[in-house]
Amino acid sequence: MTQVPLPIVDWARSADRITVMTGAGMSAESGVPTFRDAPDSLWSRFDPKQLTSIGAWWEDRHLVWGWHMWLAMLMRDAQPNAGHHALARWGRSATVRVVTQNIDDLHERAGSQVLAKVHGSMTAFRCEACAAPHTEPVGIPDEPVERLAPPECRACGQAVRPGVVWFGESLPGQAFEAAIDAMLDADLLLVIGTSGIVQPAASLPDLARGHGVPVVEINPQVTALSTRVDEVWRVSAADGLAALVDAVLDD
Ligand code: APR
């Protein structure tokens, strides 16, 4: 059984309002690839500038749409892991605010209320021109297809794009405001499975810490945030969160 470091258990047991900030490592044990850390991570195989920027979209919509449909297929076929389920269980008896950089819907499918998806969602689509939400099924394939034509907007006929934040685009204002509030109004912040590199999300834990909120990093590896938190716990999201929530709720 994974041992939870005492300071973390104490903080978790006495916290009324817990904020968690998750990154791709939260979904790693569900089989969704991370972006930077593993040998098979996405940016070791693909060039983000070619696939996740507005310039790439204007350059080659079919390539960008095909790649996003491959990612959507992986996420659709993945299942929430024990970490997602632990957070959802905790949220049924305490205020657990989930701020995520992830575009999958595994927190939601585990039963968590997600307060802020600061990098958007792979299950939301909108028109590139009139921004009308596209609510019809987009035809996620069952096999990877390199190039695919995106659907046309029902309202204006232009191309439908993924509702995710690409490099160089601004974050959804409402989500980021909510994330800031959740950092400041917390008794504990858990930063789970993020390399802490991509701004402005990577500055959110500093906000919490600067406000006197204890910040704990849950990550098997050292990150850019590791020297800016109060406690690091070198454990995986699934193992760590399952053990932590058991320790808090089964006390
Ligand atoms: N449990 C916890 N953490 C894990 C696990 C795991 N099982 N497996 C990997 N990690 C950690 C890695 O050590 C790494 O620190 O998850 C982190 C993943 O880092 P990134 O791949 O950089 O993902 P993330 O921090 O979420 O990236 C931020 O970059 O490309 C953009 O928009 C994209 O939202 C993404 C943003």
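Where is the place of P200? P200 belongs to the loop between strand 6 (188–192) and helix 10 (204–210), where helices (H or I, at least four residues) and strands (E, at least two) are DSSP runs numbered from the N terminus. The peptide bond that leads from Q199 to P200 is cis, with omega near 0 degrees. A131 lies in the loop between strand 4 (120–127) and strand 5 (160–164); although not a glycine, A131 has a positive phi of about 65 degrees.

The model is predicted: local features need pLDDT of at least 70 and side-chain atom pairs count only at pLDDT 80 or more, while totals for chains, interfaces and linings use all residues. Residues are numbered from 1 along each chain as its sequence is written, and side-chain values use heavy atoms, with hydrogens and water left out.

**Ligand site**

The table gives polar contacts, which are pairs of N or O atoms within 3.5 Å.

| Protein atom | Ligand atom | Distance |
|---|---|---|
| R36, polar side-chain atom | oxygen | 2.7 Å |
| G193, polar backbone atom | oxygen | 3.3 Å |
| G25, backbone N or O atom | nitrogen | 3.4 Å |

On its own the ligand has 740 Å² of accessible area, of which the protein covers 93% (Shrake-Rupley method, 1.4 Å probe).

**Pocket**

The ligand sits in the largest pocket, with more than half of its atoms within 2 Å of the grid points. A pocket is an open set of points on a 1 Å grid over the protein atoms alone, where a 1.4 Å probe fits, with protein on both sides within 12 Å along at least five of seven lines; lining residues have an atom within 4 Å of a point. The largest pocket holds about 890 Å³ of space, a volume filled by probe spheres set on the points. Its lining has 47 residues, and G23, A24, F35, R36 and N102 are the closest to its centre. Helix 2 (25–28), helix 3 (42–45) and helix 6 (61–77) each give two or more residues to this lining; helix 6 gives the most, with four.

Definitions and conventions: Polar contact = N/O pair within 3.5 Å; in protein donor to acceptor, adjacent residues only side chain to side chain.
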